[in-house]
Amino acid sequence: QVETLKAKLLEQAQEISRLRSELGGTDAEKHRDLLAAENERLRQEMKACEGELRELQRQQQAPCRDCPHLQENAGLREQVSQLQQEAEETRAKLVELDLEVQQKTNRLAEVELRLKDSLAERAEEEERLSRRLRDSQETIASLKSQPQQIKYIIKTVEVESAKAKQALCETQSRNQYLQEQVGMQKQVLKEMEQQLQRSQKTEAQLRAQIMMYEAELERAHGQMLEEMQAMEEEKNHAIEEAFSRAQVEMKAVHENLAGVRTNLLTLQPALRTLTHDYNSLKRQVRDFPLLLQETLRSARAEISQAIEEVHSTNRELLRKYRRELQLRKKCHNELVRLKGNIRVFGRVRPITKEDGEGPEAANAVTFDADDDAVLYLLHKGKQVSFELDKVFPPQASQEEVGATIQTACVSGGGSHLLLTLPCLPQVFQEVQALVTSCIDGYNVCIFAYGQTGAGKTYTMEGTAANPGINQRALQLLFSEVRGKAADWDYTITVSAAEIYNEALRDLLGKEPQEKLEIKLCPDGSGQLYVPGLTEFRVQSVEDINKVFEFGHLKRVTECTNLNEHSSRSHALLIVTVRGLDRSTGLRTTGKLNLVDLAGSERVGRSGAEGSRLREAQHINKSLSALGDVIYALRSRQGHVPFRNSKLTYLLQDSLSGDSKTLMMVQVSPAEKNTSETLCSLKFAERVRSVELGPVSRKAELGSWPSQEHLEVLKTLLGDSPGSTAPPGRGHASPSPGQLSSRSASIRRKLQTSG
Ligand code: ADP
Ligand code: MG
C-alpha cells in the first residue's frame, strides 16, 4: 500500500508539474488581449489622425484666401480637436488600464505568495505524511515482531489506513485544486511579465526617442546659444565701433565747435564793420540811382562827343585815304612812266643737254659783275655788249621771278607816297608790280620773245613743280584780291587763245578750229573785243590749273607735234580783273596779257618752202609788227601800226595809253646759237633804246593836276633840283636832257634800292 501510495504521490507531483507547464487562456488573459487590441486600434487611429492633421497643416501653410475649403478645413479642425480629445480620453483609459495591470500584477504577486504558502503547506503535509508513513512502517515492523499484537495493530492500521486513504483523497483533491490555481496564476504572471516586457521595451524606445529629442533640443539650444552669442558679440562690436566713431565725430564736432567759436569771436568785430559797411552801402545804394543817372548823362555826353570826334576823324581819314589812293595810283603811274611804260628784260637760260657737247655747246654769254642790266655776247670772236632794263643770268630761279614784294613808304613834303619796291634785284619783282597794277585797272602785256628753245615757254608756263609767270601771276592776283576783299569785290576771268598763220583761235572754246575775229565794240568806246572768245571765271589755283590743262589738251588734240606747232604760234593767256569799290561804287577793269611768242629764228632765210615758209613769213611779219608797235609807242609816235598784225591788233588796248609792257627776251648761251642770240638781243635793244624825249615828258609832267603831285615827284627825283644821277651808258641814252638823266637816276635808284 505504501508503495502504491508513493507511486500515486509521484503521479500527483508529475501531474502538478505538467499542469504547471501547460498554458491555457484565462479571463485576465482575454481581458488583456482585448485591451491590447483596443490599444492597437486606438494607436492606429491616432496615427491616421496625425497624418490628417499634418496634411491639414500643409494645406493651411499654402496661401488660400477666400478658399472654398476653408469651411471644410474648419470642420476638419473640429474633427481633429475631437479626435485629439478622444486620443486624450484613450490615453487616460490607457493609463487606467496600466493601473489595472499594476493592480493585477500586485494581485498576482499576492497569489504567488499564497501559492508559495500553499506549496510550503503541502510540503509540510507531505513531510507529515511521510513521517506518519515512516511511523506506520515502524509500527508494522514492531507489530510483525509481536504477531498478536501485530494482528490487532494490523487491524487497527487497516482501520486507520482507510481513514488515511480518505484523508489522502481529500488532500489530493485539495492539492489538485491548488495546482490548478497555481497554473492559472502562473499563466497570468507570465502574461503580465510579457506585457511588462513590452511596456519596458516601448518605454526604452520612448526613452531613446526622448533622449534623441533632448539631444536634438540640446544641440539646437547650443546652436541657438552660439548664434545668440555671435550676435551678441557682433552687436557689442558694432556698438563699440559706433561708439568709437561717435566719439571721434564728437571730438571733431567739438573741435569744429571750438573753431567756430573762435571764428565767431573774431567774426564779431568783422560783422560789426560789415554792418557798418552795409549801412553805408545802403545809403550809397539809395543815392546810387541819382549818381548813376548823373554819371550816365555825363558819360553819354562824353561818348556821343567821342563818337562824333571818331566820326569826323573817320571821315577825314577816309577822305585822306581816298586822296592818298588816287595819289598813289597817279604816282605809281608816273613812276612807271618815268621808268618807261615798256620794259625790256633779258633772260639767259642755262646750257642744257640738248645743246650737245664740244665747242658748239660752249658758253658765249657773260655778265657784268657791277651792272645787272648788261650782258656780253662773244660772237665770231668779238665781244658785243648789250644793255637792257635788267638781265637775268641762267641761275636766276622761277622763285626769284616770283619773289615777294615789299611795301616801302617814302615820305616827303608832308605827303605820303606808297610804292611797291623790289626787295631783291630780281626780274620778277618787276613782273609782280605789273601784275598788281592790273588790279588797279591797268592793262599789262608780258611777252616772251626769243628763238625756239631759248626758254620762252619755261619762263611763261614753267613746269608743274616749278611754275612760271602765268601761274605765279594769277596766284599773286588772288592773294592781292583777298587782301582787298574788305573794300573791293573782284572777279577774275581767264581766256586762252592762239595766233597761228595770222588766224586767231580760242583754246578754251568748243570749236578750237574756228577762226575768231577782232571787232570794235559797238558802244563807240573804241575798245576791241573778240566775239565768241571763251572766258572762265577762276577763284583758286585749282581753277587755273584746270584752265591750263584744258588749253593744253586743245592744243595737243589739234596738233600732231606740239613742240613744233607751239614754236610757230603765239600763245596768249588773257586775265581780266574787274573790281568794284563797295564804298565809292568805283569800277575798274585791268587786263593782263601773258604771251608766249612764236620762235624768232629766221627760217625764211634758210630756204624753207611751202607751208613752213608761209608760217615763217607770218611769224616774221607779226614779230616785226610787234617790234614796230613797241618802238612807235616808246618813241610816242602819232601813229602806232597796231593793225599790221593780228597780235598787235588784238593787244592794241593793252599796249597803248597807260598800259604797261614787259618784253622778256629769252636767249640761249650756247655757241651754236650766237647768231640768233645776237638777233634777239638786237631786237631787244632796238625796242628799248627808244627813250622818251624831254618835250613829251614835259607835256606829261604838265598834265599833273596839282602842286601836290609835283611835290611827290620832287621827292621821287631827289630833294635838290641840281642833283644829277650818274650818266647812263652812251649808246643807251641818245638824248640826255636834265629830266631824262633824272629818269635814269630814278630808274637806277629803283633798280638798286632792293
Ligand atoms: P622755247 O619755249 O623758247 O622754245 P623752252 O621753254 O621749251 O623753249 O625751253 C627749252 C628747254 O630749255 C626746255 O627743256 C626747258 O626746260 C629748258 N630751259 C629753258 N629755260 C630754262 C631755265 N631758265 N632753267 C632751266 N632750264 C631751262
Ligand atoms: Mg615754247
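How do the residues of the lining of the largest pocket divide into nonpolar, polar and charged? In this predicted model, the division is 14 nonpolar, nine polar and 11 charged. The pocket itself holds about 1100 Å³ of space. Its lining comprises 34 residues, and those closest to the centre of the pocket are N39, R43, L94, S199 and T202. Of the contributing elements, α4 gives the most, with 13 residues.

Attention may now turn to ligand 1. The residues that surround ligand 1 are R347, R349 and P350, together with the run Q451, T452, G453, A454, G455, K456, T457 and Y458. By residue class, this shell divides into three nonpolar, five polar and three charged. Which helix supplies the largest share of the shell around ligand 1? That share, three residues, comes from helix α7, which covers residues 456–460.

Several contacts with ligand 1 involve the protein backbone. A backbone N or O atom of G453 is placed 2.6 Å from an oxygen atom of the ligand. For K456, a backbone N or O atom lies 2.9 Å from an oxygen atom of ligand 1. A polar backbone atom of A454 is 3.3 Å from an oxygen atom of ligand 1. Taken on its own, ligand 1 has 550 Å² of accessible area, of which the protein covers 71%.

Strand β3 (residues 374–379) pairs with strand β4 (residues 382–387) in the antiparallel sense, and the pairing extends over six bridges. Within this pairing, L378 has Q383 in β4 as its bridge partner. How many residues lie between the strands in the hairpin of β3 and β4? There are two residues between the strands, and in this hairpin K380 takes a positive phi near 50 degrees. As background for viewing such strands, side chains in a regular strand alternate between the two faces of the sheet.

Note on methods:
Residues numbered from 1 in each chain as written. Chains lettered and ligands numbered in written order. Predicted model: local features only at pLDDT ≥ 70, side-chain atom pairs only at ≥ 80, totals over all residues. Heavy atoms only, no water. 1 Å grid on protein atoms, 1.4 Å probe; cavity = no way out; pocket = protein on both sides within 12 Å on 5 of 7 lines; lining within 4 Å. Points joined across faces, edges and corners; volume = space filled by probe spheres on them. Helix = DSSP H or I, 4+ residues; strand = E, 2+ residues; numbered from the N terminus. Nonpolar A, V, L, I, M, F, W, Y, C, P; charged D, E, K, R; others polar. Near = heavy atom within 4 Å. Polar contact = N/O pair within 3.5 Å; in protein donor to acceptor, adjacent residues only side chain to side chain. Areas by Shrake-Rupley, 256 points an atom, 1.4 Å probe, with all protein chains shown as cover. Pairing = 2+ DSSP bridges.
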